[in-house]
Amino acid sequence: MSWKASEMTADVKWKDITPGCNIYEGGTSKVVETGDWRTERPVLHAEKCRQCLLCVPVCPDMSIPVGKDGKRGEFNLFFCKGCGICSVACPFGAIEMVREEK
Amino acid sequence: MGIRERLSGNEAVAYAMKQINPDVMGAFPITPSTEIPQYFSAYVDNGQVDTEFIPVESEHSAMSTCIGAEAAGCRAISATSSCGLCYMTEMLYVAASDRLPITLAVSCRALSGPININNDHSDAMGVRDAGWIQLFAETNQEAYDNYLQAMRIGEAVSLPIMVCQDGFITSHAIENIELVEDEKVRKFVGEYHPEHALLGREEPMAVGAYATPVYYMEAKRAQAQAMMDAKDVIRKVGKEFGKLTGRSYGLIEKYEMEDAEEAIVLMGSSAGTAKEAVNELRAKGRKVGLIKIRAFRPFPSEELTEALKGVKAFAAMDKDDSFNGHCGPMYAEIAASLYAAGESGPKGISYIYGLGGRDVRVESIQRVFKELEKIAETGKTGKTYRYLDVRE
């Protein structure tokens, strides 16, 4: 049994779950989807975005990646909880919050 | 052959701790367990152990200290009683669900109110569902022997373990005792090398994770399995201890039960008194017997069913009350065990006794047997929820 965090998925059986749900590796937040309870989703209107990057530091998670070119990319919805802070912080109205439909 | 000594129950437990030489003790004083950390801190001060002794500001912190230390990969211990155990309760659940085999010595005492410092089992029984293994001792010798076996048991199933004795009755009474030689203790208890720990390892580790409803029940099911597995471990370790010392232990002890028609079930120091009552009644030709529960958690349901199925009447004697309006907790579990096994023959009654240090005498136990005799003769249980030796 490897007991990797990536294997502790929603269908893990009781005999395979780690004792006490203890975790035996670092950086496991990267493999755990925490954006699955979002009710609203941010949409980037690229034509309005001036790449001022004010949205990046206000994101409470790691949902706005910045590339090597110093420009922000598309939202990482694996972590985004739809809090909307980025949308409020944007001076150019480039981030719109829309209802999450599944 | 062991070393002949005379020690109080608290001293005996502190001595066992010294022989084991654990890594960390977090403790806060409370009557009647205060002497345990008191004696042990002297061993620390004298350099007789390597233990890090952490005097904390509360029992909640004492258990938190143990949780941190055990998760780090240490053997962690504490001692407490009564309200102190209550104050630990939140952290007792954390220790069990984080699967940390901490060892806790409990000198059992009543709970307030009315305020009372004397013995009953209200404290330990109050936390019986916290996920800890619980052993109860009849004598100072058993308190010592149980402590020497505790870490082997807890560590084998990754569960914390309580070693309970009766406050004052054994904790402060001095009895003859046979100690095990230091090197034999060290060999028997062994060293603790957990597979995973916070410190001294290459791999990082997180303890005390959050579990959403998707994971929580699977974690609890695994914890329940560990408690079931503990039964066999207690038997094996008790047998091995017997080979070492001549004193074997199981989940229960049966006394004069082979042909018994009436039986009493209880735990702790009153077993000695009950044995005397059984002896006197046996001398008069009565077929009476006693079952002493040593392990209350895990509950020895199969053993009790097997031992009780042939009797006509039994009394389950609880040194505490559930205040559920119908019976003591031990009675409830015995009745559930018999029912689950399809055994409806024995008539059982629940007795609450010895609360807040109320003396339990041979005559008290004989009064219970007198009632059982009536039930066995008539087949009528009458009231099943009774208080023993209470002024009417």
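## Basis

This is a predicted model, in which local features need pLDDT of at least 70, side-chain atom pairs count only at pLDDT 80 or more, and totals for chains, interfaces and linings use all residues. Residues are numbered from 1 along each chain as its sequence is written, while chains are lettered from A and ligands numbered from 1 in the order in which they are written.

## Chain A

Chain A has two helices and two strands. Helices (H or I, at least four residues) and strands (E, at least two) are DSSP runs, numbered from the N terminus. The order from the N terminus is β-α-α-β.

The radius of gyration of chain A is 17 Å, whereas a compact globule of 102 residues would have one near 13 Å. That radius is taken over C-alpha atoms, and the globule rule is 2.2 Å times the number of residues to the power 0.38. The C-alpha trace spans about 50 × 30 × 15 Å along its principal axes. Of the 102 residues in chain A, 19% are buried. Buried means that 20 or more other C-beta atoms, placed from the backbone, lie within 10 Å of the residue's own.

## Chain B

Chain B holds twelve helices and 15 strands. Its radius of gyration is 21 Å, close to the 21 Å from the globule rule for 392 residues, so chain B is as compact as a globular protein of that length. Its C-alpha atoms fill a box of roughly 70 × 55 × 45 Å along the principal axes.

Buried residues make up 53% of the 392 in chain B. Among contacts with a separation of 6 or more, 80% join residues 24 or more positions apart. A contact requires C-beta atoms, placed from the backbone, within 7 Å.

## Two domains in chain B

Chain B is assigned domain 1 (3-245) and domain 2 (252-387). These bounds come from an automatic or database domain assignment. The C-alpha centres of the two domains lie 28 Å apart.

Across the boundary, 24 residues of domain 1 are in contact with 19 residues of domain 2. On the domain 1 side, helix 5 (122-126), strand 6 (133-136) and helix 8 (213-245) each supply at least two residues. Helix 8 gives the largest share, five residues. By class, this side has eleven nonpolar, eight polar and five charged residues. Here Ala, Val, Leu, Ile, Met, Phe, Trp, Tyr, Cys and Pro count as nonpolar, Asp, Glu, Lys and Arg as charged, and the others, Gly among them, as polar.

## Helix 9 of chain B

Helix 9 (residues 270-283) has 14 residues and reaches 20 Å from its first C-alpha to its last, close to the 20 Å expected at 1.5 Å a residue. The expected span is 1.5 Å times one less than the number of residues.

The buried residues of helix 9 are Ser270(B), Ala271(B), Thr273(B), Ala274(B), Ala277(B), Val278(B) and Leu281(B). They lie on the same side of the helix because they cover an arc of only 155° around the axis. The arc is that of the directions from the helix axis to the C-beta atoms. Their cover includes strand 9 (252-255), strand 10 (262-266), strand 11 (288-293) and helix 12 (362-378). Just after helix 9, Gly285(B) takes a positive phi of about 90°.

## Where the chains meet

Between the chains, 18 residues of chain B are in contact with 13 residues of chain A. Helix 8 of chain B gives the most to the chain B side, with six residues. That side has ten nonpolar, three polar and five charged residues.

Conventions: Contact = placed C-beta atoms within 7 Å. Buried ≥ 20, exposed ≤ 12 C-beta atoms within 10 Å, placed from the backbone.
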